[in-house]
Amino acid sequence: MAKRTLSEKLALLADAAKYDASCASSGGERRSSRDGAGLGSAGGAGICHAWAPDGRCVSLLKILLTNFCIYDCAYCINRASSRVERARFTVDEVVQLTIEFYRRNYIEGLFLSSGIIRSPDDTMAEMVRIARTLREREHFRGYIHLKTIPDAAPDLIAEAGKWADRLSINVELPTETALRQLAPEKSARTIHGAMAEVRARAEAARDRSHRGARPARFAPAGQSTQMIVGADPATDGQILSASSRLYADYQLRRVYYSAFSPIPDASRQLPLTRPPLQREHRLYQADWLMRFYGFAAAEIAPPSGMLDLEIDPKLAWALAHRGLFPVNVNRAPREMLLRVPGFGTRSVQRILEARRHRTLRYEDLLAIGCVVRHAEPFITLPGWSPRALPDAANLRARFAPAPAQLSLF
Amino acid sequence: MQVVLPRIGTVAAWRAEVRRLAATGVPPEAVQWAVGDAADDLFNAAPIAAGRAVPLTLPRDAVLAIETALHHSDPQRFARGYAIVLRLARKDLRWGDRSDPALRRLLDQEKAVRRDIHKMHGFVRFREVTPPGANRRAFAAWFEPDHPIVEPAAPFFARRFGDMDWLIATPGLTARCETGQLEFFATQGCAAPPADATEDLWRVYFASIFNPARLMIAAMASNMPRKYWKNLPEADLIPELIRSAPARVRAAHDAMTSAPRRPPRG
Ligand code: SF4
């Protein structure tokens with residue numbers, strides 16, 4: 001193989017990383033380099049430095065250390081049996097790309113993952129070396145996210161957490177059966193074990209000992225994971241209950257959903273078509289409802305187990321529980337206001353604040369920033385009452401978009 | 001009477017003027033605000049109409065939001081800000097009451113300014129201009145914000161790029177940070193800095209991280225409006241990425257369905 005240039009490697013190893021959905025760079029430790037002795041800052045709101053035409057924000061240098069891999073996960077373009085072109089960065093190349101991109105304000109930091117070369121420990125050790133070099137030699141204070149290899153030795157995970165802001169371990173698939181079939185070298189037990197390890201270390205790092213000694217730093221921006229959607233037959237209901245268990249058991253900051261992309265040279269076990277992107281979108285909305293709106297997984301996923309692709313899950317829930325509406329905006333408790341379609345968390349906060357001083361009228365909702373058009377059928381307040389709630393079919397038609405979209409074929 | 005605020009340190013000067021005006025109870029409609037050089041205005045010399053002093057005690061949130069909104073380009077912002085300060089101080093207005101048109105306008109402008117600052121933090125692109133033999137690296141950028149926000153936006157860059165010197169020029173002001181000293185001055189000329197080879201790598205990255213199977217142009221354009229494109233080195237790749245996306249997806253799909261599906265190796 002001819003020696004590849006840095007630019008060729010970058011093209012291959014960025015292309016291979018684009019199936020990872022995460023681009024978060026917020027939260028964690030506040031750092032700056034105002035002292036002049038380093039480069040970078042972190043800890044505020046995340047910043048997006050560009051948007052690609054796929055609508056995704058470009059915030060981190062998201063690359064693979066290498067796309068060589070000794071594993072053979074059926075859904076992955078980099079698996080051992082795939083005929084994809086291979087490349088591998090050196091430690092120094094990744095360090096230099098990160099620093100030079102950062103200095104030009106292209107990125108918030110690095111999101112590094114990797115195929116498994118030689119062994120999980122070897123690979124993890126090399127990723128840790130990159131993070132350590134950035135911190136110790138380059139005095140880099142920007143954001144680092146390392147995708148952790150679950151089979152790596154615990155002391156490597158501990159060291160990863162010392163240098164990185166965030167660690168992630170991908171659960172890959174929603175059910176253990178699917179994981180067994182599609183990723184034979186991986187095990188749910190190892191993955192969950194590694195997540196539990198990360199959680200325990202993160203908690204230990206937050207706990208000051210009774211003598212007040214400061215414990216060693218560990219991944220202050222927490223851990224996240226990613227699940228591939230549509231490579232196996234799991235329903236949305238199964239996916240959401242898997243997520244809610246992950247949030248509860250491992251204190252994850254985020255579960256990312258990635259619609260399965262059919263890949264060239266795929267294994268026979270996989271579907272040839274991709275799930276609609278809209279499915280991924282609805283899962284994110286449902287996930288959001290679980291984290292910020294007080295919904296439980298079982299409430300959102302309908303009996304069929306699949307989310308409605310045409311209307312968002314909050315509206316779907318409201319239509320299925322029409323008896324609870326209309327809601328009196330001036331009197332309903334916070335939990336119920338949060339369930340009104342068209343009311344976001346911030347609008348609800350503003351409603352609660354404003355109604356301490358006076359009775360809210362219909363016109364106020366516009367000023368507050370509610371999506372009144374969506375909320376109308378579900379609320380009552382001076383200046384507006386929905387008379388009789390229209391029947392479900394009509395209501396649904398009012399919100400559902402004209403069919404046929406999002407297909408490229 | 002006319003109050004002329006300087007181009008640099010505008011908000012601090014406005015704050016000082018507001019204290020002075022409120023202390024003598026000058027009504028908002030008696031003040032004309034301007035930025036830049038004092039105009040020869042007859043009223044300028046008119047004596048201040050003395051009224052009752054208004055003690056200024058405002059919620060901290062209010063002060064921050066009002067001062068942020070003062071970085072908007074709306075010429076009425078200083079007058080609106082002063083009027084709102086007086087109404088808040090006299091308890092004629094409750095902070096946060098969005099049913100008040102003037103306050104709502106101010107809050108909308110505050111939001112627009114914060115968004116503009118956020119976009120500047122994301123979209124400034126530095127090019128290296130380190131002089132030969134220098135012991136600190138130096139970078140420069142040209143940026144065109146919607147509002148005069150260089151002063152509130154610059155400290156972010158000073159916190160972030162501590163070990164290098166940098167300069168950001170905009171159509172109004174230029175911010176420069178050398179060996180940690182941040183300063184502002186009026187921009188002279190508007191030449192973009194010379195080309196930088198790392199930009200080519202960045203363009204390669206931008207094109208490679210894009211997934212042609214998920215074209216969502218509206219989402220991109222709403223977050224990265226076209227007006228910013230001319231100063232983004234990656235933006236001129238976008239039309240071709242969009243144009244070729246369907247063909248790339250078709251090619252991948254054909255390769256998938258026609259190629260014999262091989263059993264795993266080994
Ligand atoms: S281990 Fe990771 S890179 Fe290797 S085949 Fe599996 S998913 Fe792909």
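**View 1. Cavities of the predicted model.** Four cavities of 30 Å³ or more are counted in this predicted model. The largest cavity holds about 650 Å³ of space. Its lining is made up of 35 residues. Closest to the centre of the largest cavity are Tyr75(A), Cys76(A), Lys147(A), Glu172(A) and Lys186(A).

**View 2. The lining of the largest cavity.** By class, 20 lining residues are nonpolar, nine are polar and six are charged. Two strands of chain A, β7 (223-229) and β8 (254-259), each supply at least two residues of this lining.

**View 3. The ligand and its shell.** The ligand sits in the largest cavity. Around the ligand are Cys69(A), Tyr71(A), Cys73(A), Cys76(A), Arg79(A), Gly115(A), Ile116(A) and Lys186(A). This shell divides into five nonpolar residues, one polar residue and two charged residues. Cys76(A) and Lys186(A) belong to the shell; both are also listed among the residues closest to the centre of the largest cavity.

**View 4. The backbone at Glu172(A).** Glu172(A) has a phi near 70°, a positive value in a residue other than glycine. Its place is in the loop between β6 (166-168) and α5 (176-182) of chain A. Glu172(A) is also one of the residues closest to the centre of the largest cavity.

**View 5. A cis peptide bond in chain A.** Phe325(A) and Pro326(A) are joined by a cis peptide bond, with omega about 0°. Pro326(A) lies in a loop of chain A. That loop runs between α10 (313-320) and β9 (327-328).

**View 6. Helix α4 of chain B.** Helix α4 of chain B covers residues 101-123. Its 23 residues, at 1.5 Å a residue, should span 33 Å. The end C-alpha atoms are 32 Å apart, which agrees with that span. At the start of α4(B), a side-chain oxygen of Asp100(B) reaches to within 3.3 Å of the backbone nitrogen of Ala102(B).

How values were computed. Residues are numbered from 1 along each chain as its sequence is written. Chains are lettered from A and ligands numbered from 1 in the order in which they are written. This is a predicted model: local features need pLDDT of at least 70, side-chain atom pairs count only at pLDDT 80 or more; totals for chains, interfaces and linings use all residues. Side-chain values use heavy atoms; hydrogens and water are left out. A residue is near a molecule or strand if one of its heavy atoms lies within 4 Å of it. On a 1 Å grid over the protein atoms alone, a cavity is a set of points where a 1.4 Å probe fits but cannot get out, and a pocket is an open set with protein on both sides within 12 Å along at least five of seven lines; lining residues have an atom within 4 Å of a point. A molecule sits in a cavity or pocket if more than half of its atoms lie within 2 Å of its grid points. Ala, Val, Leu, Ile, Met, Phe, Trp, Tyr, Cys and Pro count as nonpolar, Asp, Glu, Lys and Arg as charged, and the others, Gly among them, as polar. Helices (H or I, at least four residues) and strands (E, at least two) are DSSP runs, numbered from the N terminus. The expected span of a helix is 1.5 Å times one less than its number of residues. A polar contact is a pair of N or O atoms within 3.5 Å; within protein, one must be able to donate a hydrogen and the other to accept it, and residues adjacent in sequence count only if both atoms are side-chain atoms. Grid points are joined across faces, edges and corners, and a volume is the space filled by probe spheres set on the points.
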